[in-house]
Amino acid sequence: MTLNDYLYYVILPLLSLAEILVFIRFIKGPSIIDRVVALDLLITIGIGIIAIYSIINNQPTFLDIAMILALIAFLSTVAFSYYLEKRNKND
Amino acid sequence: MTDVLIYIFATLGTLFALLAAIGIIRMPDTYLRISVNTKAATLGVGLLLGAAAVYFYDFSVTTRVQAIVIFILLTAPVGAHLIGRTSYFLGNKLWDGSVIDDLKDRYNKSTHELKSDPEQVEENNSKQDSKTDRNA
């Protein structure tokens, strides 16, 4: 089994399984905070998938997208928490 | 030799990402879910990116990977703190099995200020309540 086969048939399916499990929490989540946390984790695992994908395709350019996704994940978490707290304050 | 390193990094990283996913679906409480998200996912993604850095063995790729890892390491705790604070204000209940709630009665409900002495906060809260009663 070569490295590419291992990454393609073992690592990527396991990461996809992780994404599906997080997505279940994203849909179920009792409170909106759970959904925000699940969204953050979805993007974080997505960065890992991009890293593996760049190895399989031998394309280091994909890592730029991973950097941008990391930025967006942090910004969305901060924005969500800021506005949710503000909404609670005004009530 | 590098192949073995890539195998180890990718396997460990995937394991940690999977553990984070199982944790976020099995944990009983919002706060525990936040804690899982910050710790396990950061390590897992760091290892997966490390696998990419070892595979390409190139200065520009390694620099990019380092930038992403440092960024995630710096921002994950900050984001977790902010979202946990908001979760406390929104009134999410702690898990039944939790033993202690250090923040109980220490937050001013209207200004969201934290005091170390619970009595000061209670005074402020009662003042606020009487003010709102008069307005009503």
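Analyst: B:R85 and A:E85 form a salt bridge, with the closest N and O atoms 3.0 Å apart; the term stands for a side-chain nitrogen of Lys or Arg within 4 Å of a carboxyl oxygen of Asp or Glu. B:R85 lies in helix α3 of chain B and A:E85 in helix α3 of chain A, so the pair joins two chains. Helices here are DSSP runs of H or I with at least four residues, numbered from the N terminus. At 25% relative accessibility B:R85 is partly exposed, whereas A:E85, at 13%, is buried. Buried means under 20% relative accessible area, exposed over 50%, and partly exposed in between (1.4 Å probe, protein chains only).

This is a predicted model, in which local features need pLDDT of at least 70 and side-chain atom pairs count only at pLDDT 80 or more, while totals for chains, interfaces and linings use all residues. Residues are numbered from 1 along each chain as its sequence is written, chains are lettered from A and ligands numbered from 1 in the order in which they are written, and side-chain values use heavy atoms, leaving out hydrogens and water.

Over all chains, the structure holds 3 salt bridges. One of them links A:D34 to B:R33, at 2.6 Å between the closest N and O atoms. A:D34 belongs to helix α2 (residues 32-57) of chain A and B:R33 to helix α2 (residues 30-56) of chain B, so this pair also joins two chains. A:D34 is buried at 2% relative accessibility, and B:R33 is buried at 6%.

A:D64 and B:R64 meet in a salt bridge at 3.3 Å, N to O. A:D64 is in helix α3 (residues 62-90) of chain A and B:R64 in helix α3 (residues 59-89) of chain B, so two chains are joined here. A:D64 is partly exposed at 32%, as is B:R64 at 22%.
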